[in-house]
Amino acid sequence: MKLDPDFGPNSINFPVLPVIGDARIREQVFTHRSVAARPTHVFEDHPDDPSPDNEKYEHLGDTVLGLVVTNLMFELFPGLRVGPSTKIRSLVVGNSTLADISKRYKLPDRLRLHPAQALTLRASTNVQADLFEAFVGGLFKDQGLGVVQAWLRPLFEPFSREAYHIVRKQHSLPPLPPSLAQAGAKEGSTTAYSESCAHAATFYGTTGHLALFNQHLQKANKRVEWVYWDGKDVPPAPSTPLFNSNNSDALSVESDGATSTAIVTRGWYADPGVPEHLRIEGTQVTPVWYVKVLVEGEFYGRGRGNTKKSARNEAAKEGLVKLGIEV
């Protein structure tokens with residue numbers, strides 16, 4: 001996915017490219033491995049004959065870039081958890097983003113390549129992205145981390161903000177209020193979360209109710225069924241009850257601890273009993289499960305969660321109340 005943040009009219013806020021002062025480092029940064037065509041299986045270069053290409057600087061630059069961007073995200077989104085943070089960073093430092101930055105700085109125009117491959121390699125997204133990382137590595141060796149950070153922070157902050165909003169949307173979270181969206185330090189913080197969690201697709205709840213509920217039912221030797229639903233529209237009831245496991249409208253039903261798939265008569269049994277305006281359909285990133293628990297065919301409760309187990313636990317809370325058990 002390509003990021004395209006706004007750097008102002010005519011990219012006026014796009015940071016100026018620093019200059020690598022050491023001519024030897026600069027030459028190597030802009031030398032592709034196709035020039036020397038060294039064999040790739042060599043373990044180590046001879047001290048008197050080091051490889052002249054930019055692969056070492058690319059390797060170093062990848063690490064430095066990851067450090068700077070990760071630290072930047074710590075500052076911008078202090079409440080962000082590791083999972084979403086990883087997704088955001090992968091967008092920010094992905095090849096398509098780095099290649100775009102490389103082309104904005106016209107770095108590929110300065111790259112030394114084997115003449116026979118120059119046209120193809122210069123247009124390669126991977127080569128363009130690798131060259132940007134090599135430049136970061138070369139600048140780090142030439143002038144140190146402080147100079148690199150001073151350049152990369154204003155460069156990657158707009159990319160980080162755009163990626164944050166993309167991943168936030170993937171998690172089915174609503175856009176931030178304008179006041180928070182404009183205040184960088186507050187994005188991803190507890191305040192930002194509290195403003196939006198009412199309609200979020202990520203659910204948090206207590207645990208332990210499911211085990212207690214199952215324990216009481218086992219003692220009473222009662223049959224329990226868990227009927228799952230993924231938040232999509234409930235199909236209308238068929239004209240006749242069907243029990244064909246190959247049917248695409250199958251519900252997942254767990255009974256007496258065993259999981260099976262069966263088609264059941266639609267209607268009350270399949271209906272999750274959730275008002276349409278309160279239903280949330282999950283995404284691939286953040287699934288949403290609804291579950292209804294039936295004990296000896298009688299409705300005992302319903303729940304919702306990002307996993308089937310967490311949804312069952314919420315339904316078990318209602319089930320315990322119906323059993324007259326206070327927790």
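1. In this predicted model, the crossing in which α11 passes α12 is left-handed. Helix α11 covers residues 209–220 and helix α12 covers residues 308–322, and the two pack with their axes 8 Å apart at an angle of about 55 degrees. That angle makes α11 oblique to α12, because an angle counts as roughly parallel when it is under 35 degrees and as roughly perpendicular from 65 to 115.

2. On the α11 side, the residues that meet α12 are His-209, Leu-210, Leu-212 and Phe-213. Their partners in α12 are Lys-309, Arg-312, Asn-313, Ala-316, Lys-317, Gly-319 and Leu-320. Sorted by class, the contact of α11 with α12 holds five nonpolar, three polar and three charged residues.

3. A further helix pair to inspect is that of α5 (residues 95–104) and α8 (residues 145–170), whose axes cross at roughly 140 degrees and come within 13 Å. At this angle α5 is oblique to α8, since roughly antiparallel would require a value over 145 degrees. The crossing of α5 and α8 is right-handed. From α5 the contact draws on Thr-97, Leu-98 and Ile-101, and from α8 on Leu-155, Phe-156 and Phe-159. The residues of this contact between α5 and α8 comprise five nonpolar, one polar and no charged.

4. Helix α5 also packs against helix α7 (residues 125–143), here at an angle of about 70 degrees and with the axes 7 Å apart. The helices α5 and α7 are therefore roughly perpendicular to each other. The residues of α5 involved are Asn-95, Ser-96, Leu-98, Ala-99, Ile-101, Ser-102 and Lys-103, which meet Thr-125, Asn-126, Gln-128, Ala-129, Leu-131, Phe-132 and Glu-133 of α7. By class, the contact of α5 with α7 divides into six nonpolar, six polar and two charged residues. A reader tracing α5 will find Leu-98 and Ile-101 listed in its contact with α8, and Leu-98 and Ile-101 are listed in its contact with α7 as well.

5. Which residues does Asp-142 touch, once those up to four places away in sequence are set aside? They are Val-19, Ile-20, Gly-21, Asp-22 and Ile-25. With a relative accessible area of 24%, Asp-142 is partly exposed, because the limit for a buried residue is under 20%.

6. Two other pairs of residues that are apart in sequence can be checked by C-alpha separation. Ala-118, in helix α6 (residues 118–122), is 86 residues from His-32 along the chain, and their C-alpha atoms are separated by 9.8 Å; Ala-118 itself is buried, at a relative accessible area of 14%. Glu-281 has its place in the loop between β3 (258–262) and β4 (289–295), where it counts as partly exposed at 44% relative accessibility. From C-alpha to C-alpha, Glu-281 is 6.9 Å from Asp-230, while the two are 51 residues apart in sequence.

7. The backbone of Asn-10 and Ser-11 deserves a look. Most residues other than glycine have a negative phi. Asn-10, however, has a positive phi, near 55 degrees, and the phi of Ser-11 is likewise positive and near 55 degrees. Asn-10 is found in the segment before α1 (23–29), and Ser-11 lies in the segment before α1 too. Are these residues buried or exposed? Asn-10 is exposed, its relative accessible area being 80%, whereas Ser-11 is partly exposed at 33%.

8. Finally, some figures for the protein as a whole, which has 12 helices and five strands. Of its 327 residues, 39% count as buried. The protein exposes about 18,200 Å², and carbon and sulfur atoms supply 53% of that area. Of the contacts between residues at least 6 apart in sequence, 68% join residues at least 24 apart.

How values were computed
Residues numbered from 1 in each chain as written. Predicted model: local features only at pLDDT ≥ 70, side-chain atom pairs only at ≥ 80, totals over all residues. Heavy atoms only, no water. Helix = DSSP H or I, 4+ residues; strand = E, 2+ residues; numbered from the N terminus. Buried < 20%, exposed > 50% of the residue type's maximum accessible area, 1.4 Å probe, protein only. Axes fitted to C-alpha atoms, helices over the stretch in contact; angles between N-to-C directions. Left-handed = near helix turned anticlockwise from the far one by under 90°. Contact = heavy atoms within 4.5 Å. Nonpolar A, V, L, I, M, F, W, Y, C, P; charged D, E, K, R; others polar. Areas by Shrake-Rupley, 256 points an atom, 1.4 Å probe, with all protein chains shown as cover.
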